[in-house]
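Please read the following report with the sequence and the model side by side.

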Amino acid sequence: MKYTFLSLIVLVIFFTSCKKDITPEYNSSATGQLSVEFDNVVGNQDLQLNTGVYTNASGETFKLTLLKYFVSNFILTKTDGTTYIVPQDSCYFLIDESSPNTTIPKLRVPEGEYSKLSFVLGVDSLRNTVDISKRTGVLDPAGTAAGMYWSWNSGYIFFKMEGTSPVSTQNGNIFQYHIGLFGGYTAPTINNLKTITLDLTARGTAKIKATKSANIHLLVDIMKVFNGTTNISIAKNSVVMVSPFSATIANNYVNMFSHNHTEN
Amino acid sequence: MKLKILIIIFFLAGIVACKKEITQVFAGFTKPDIFPTPVYHFETNPITEAGFVLGRKLFYDASLSANNTISCGFCHIQTSAFTQHGHSVSHGIFDSLGVRNTPPIMNLAWSPSFMWDGGIPNLDLQPIAPITNHIEMGNTMDNVLTTLRQSKEYPSLFQKAFGSSEINTARLLKALSQFMLMCVSDQSKYDSVMRGQAVFNTNENAGYALFKANCAVCHKEPLFTDYTFRNNGLTPNFINDMGRYDITLQETDKYKFKVPTLRNLQYTAPYMHDGRFLTLDAVLDFYDHEVQNNPNLDTALRKNGHIGISLSSSEKQQLVAFLQTLNDKVFIENKLLSEQ
């Protein structure tokens, strides 16, 4: 009995000390590093370009040979409800599955505990129409954005996925989904820009201090591009680029992001 | 007396010499008095002589293409008002054929969009399309920049134009824009008449009246286009080019193409987005009795239940006489715009 009582005390002390640890004081004028990891998976499997074989809800097997998408305009919300908008000029990232170091963008944010993350999948309409001198880094059509930019219909491709499937009737059984369209410049078009908002409370807030970075680990389930509000069949839609059907794919991929955990 | 004559001769010689020079001296961009305000954003790309000279060199440089064979000027030939004479559709790298007729490069500072379908809203972004199109110049922008950086001449030309020898996407495109913006055609007989320096003859005058009654609603003066996209009742071509629809995906935009300018018509044959009409007469015959009715046909071509624009043969002659006053020989011979 005495022993139990003692261990209970020890346990209480232990918890109390822990609790003290997880409420650090934040200096909101200092900044720390927050990374957001875009971990691309297919259903319950890791995504393996070129080698992994997957089956979608239409019963079609497929491989992926290329996966690239833009993420931008990050906004973070603290537990006290205040938001931090990451400065736009440093807020465009091209996630390229074939280049692992691109899949964990790093942001500088004020110290604090963050419980909500929001970002745009794609390149916002403003940046799609801005002067060429403002399109540097990942947005430079001569640089990383080559292949992610439609020159004939000025605008960025937000999401590009290519692969092969035995059901595709294209040469080499390929399929290609190049999804863009920001709403139009001289005339309104489809707007496939999507804002993704994820609550981090359940699976771990991000606690940033100048001396302590955090990593928000997201799972990006590529299977949801096919399986969603409308199940996409590769046999029926092997090439989708600038077409009304692009909106169907965008309405599916908006749901592919989930928060898995946060590494503090 | 002899001295006087000598002075006069010298004076005349001076004038003649000057006159020859005038078209070859860079004088910056000036808005022609009879033109509206340009839409190009000069504030982000002020035209300088060094920028223009660099742009001109780039325009005529085949090393911008994948295999050093095709320059911008290959398809945009000055003597054809910067179109590709005799080609219904453009002829590009590796003898590939494009799908549309090469549009002219003139008075682009007034154009709010580019290409037959208006897919490009900004002149600075326009060259990326032909440079990277696999049937035009077949290159990548990255390759072009590498080629220019490794050349002996370009770094110093970029230095002169932009203050440092750095060669990047924005500078390349802005230099090309500077050259294209300087391609202003405003020296036709029509322009002289509008400036009160010449008069139309009887035929031209009759043609001008016909033009204003039948054509000016789309081919708006003084640039001879209102830059809108319209369906003029052409039958879809063999590749079923749907024009503006490919950009907007709106049903109502199917088979619409940008209203082309009529300036320099004599030099820009063949006509229409796919160059299907070889002569101006064929164009007028089309408007007279070949226009196809369809749901998107422009209302200007279905007046009073009639499809097309009825023209008698004498009216056609008068109209052609007026249209010929839109030719600007000074423009197509301006050495300042030629390959040096």
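Two residues are said to be in contact when they have heavy atoms within 4.5 Å of each other. With that meaning in hand, one can look at helix H12 (residues 313–323) of chain B in this predicted model, where Lys316(B), Leu319(B), Val320(B), Ala321(B), Phe322(B) and Leu323(B) are buried. The elements that cover the buried residues of H12(B) include helix H8 (189–194), helix H9 (202–214) and helix H11 (280–289) of chain B.

**Domains and cores**

Chain B is divided into domain 1, which takes in 42–185 + 331–337, and domain 2, which takes in 189–330. The centres of these two domains of chain B, taken over C-alpha atoms, are separated by 27 Å. Their contact takes 30 residues from domain 1 of chain B and 27 residues from domain 2 of chain B.

In soluble globular proteins, nonpolar side chains tend to be buried together. The largest nonpolar core of this model has 128 residues, and the members that touch the most other members are Phe38(A), Phe74(A) and Tyr177(A). From chain B, this core draws at least three residues from each of domain 1 and domain 2. A second, separate core has 31 residues, among them Phe277(B), Val291(B), Ile309(B) and Val320(B). Val320(B) was also listed above among the buried residues of H12(B).

Which residues are in contact with Tyr177(A), leaving aside its neighbours within four places in sequence? They include Phe159(A), Met161(A), Val225(A), Phe226(A), Ile232(A), Ile234(A), Val240(A) and Ile249(A), and also Lys160(A), Ser233(A), Asn237(A) and Ser238(A).

Two packed helices are described by the angle between their axes and the distance between the axes. The table gives these values for two pairs.

| Helix pair | Axes come within | Crossing angle |
|---|---|---|
| H2(B) and H7(B) | 7 Å | roughly 95° |
| H9(B) and H12(B) | 7 Å | roughly 95° |

Angles of 65 to 115 degrees count as roughly perpendicular, and H9(B) is therefore roughly perpendicular to H12(B). On the side of H9(B), the contact is made by Asn203(B), Glu204(B), Ala206(B), Gly207(B), Tyr208(B), Leu210(B) and Phe211(B), while H12(B) supplies Glu315(B), Gln318(B), Leu319(B), Ala321(B), Phe322(B) and Leu323(B). Sorted by class, the residues of this contact of H9(B) with H12(B) are 8 nonpolar, 3 polar and 2 charged.

H2(B) and H7(B) are likewise roughly perpendicular to each other. Here Gly51(B), Phe52(B), Leu54(B), Gly55(B), Arg56(B), Leu58(B) and Phe59(B) in H2(B) meet Leu172(B), Ala175(B), Leu176(B), Gln178(B) and Phe179(B) in H7(B). The residues of this contact of H2(B) with H7(B) divide into 8 nonpolar, 3 polar and 1 charged.

**Backbone details in chain B**

Most residues other than glycine have a negative phi, and most peptide bonds are trans.

A cis peptide bond joins Glu221(B) and Pro222(B), with omega about -5°, and Pro222(B) lies in the loop between H9 and strand S1 (229–230) of chain B. Another cis peptide bond, with omega about 0°, joins Ala269(B) and Pro270(B), and Pro270(B) lies in the loop between strand S2 (257–258) and H11 of chain B.

Phe224(B), although not a glycine, has a positive phi of about 65°, and its place is in the loop between H9 and S1 of chain B. Is Phe224(B) buried or exposed? Its relative accessibility is 0%, so Phe224(B) counts as buried. Met115(B), also not a glycine, has a positive phi of about 80°, but Met115(B) is partly exposed, with a relative accessible area of 24%.

**Two loop residues of chain A**

Leu200(A) sits in the loop between S12 and strand S13 (206–208) of chain A, and with a relative accessible area of 0% Leu200(A) is buried. Leu200(A) and Ile216(A) are 16 residues apart in sequence, and their C-alpha atoms are 8.5 Å apart in space.

Thr186(A) is found in the loop between strand S11 (174–180) and strand S12 (194–199) of chain A, and at 40% relative accessibility Thr186(A) counts as partly exposed. Not counting residues up to four places away in sequence, Thr186(A) touches Pro112(B), Ser113(B), Gly118(B), Pro121(B) and Arg244(B).

How values were computed:
Residues are numbered from 1 along each chain as its sequence is written. Chains are lettered from A and ligands numbered from 1 in the order in which they are written. This is a predicted model: local features need pLDDT of at least 70, side-chain atom pairs count only at pLDDT 80 or more; totals for chains, interfaces and linings use all residues. Side-chain values use heavy atoms; hydrogens and water are left out. A nonpolar core is a set of buried Ala, Val, Leu, Ile, Met, Phe, Trp, Tyr and Cys residues joined through side-chain atoms within 4.5 Å. Buried means under 20% relative accessible area, exposed over 50%, partly exposed in between (1.4 Å probe, protein chains only). Domain bounds come from an automatic or database domain assignment. Helices (H or I, at least four residues) and strands (E, at least two) are DSSP runs, numbered from the N terminus. Axes are lines fitted to C-alpha atoms, for helices over the stretch in contact, and angles run from 0 to 180 degrees between N-to-C directions. Angles under 35 degrees count as roughly parallel, over 145 as roughly antiparallel, 65 to 115 as roughly perpendicular and the rest as oblique. Ala, Val, Leu, Ile, Met, Phe, Trp, Tyr, Cys and Pro count as nonpolar, Asp, Glu, Lys and Arg as charged, and the others, Gly among them, as polar.
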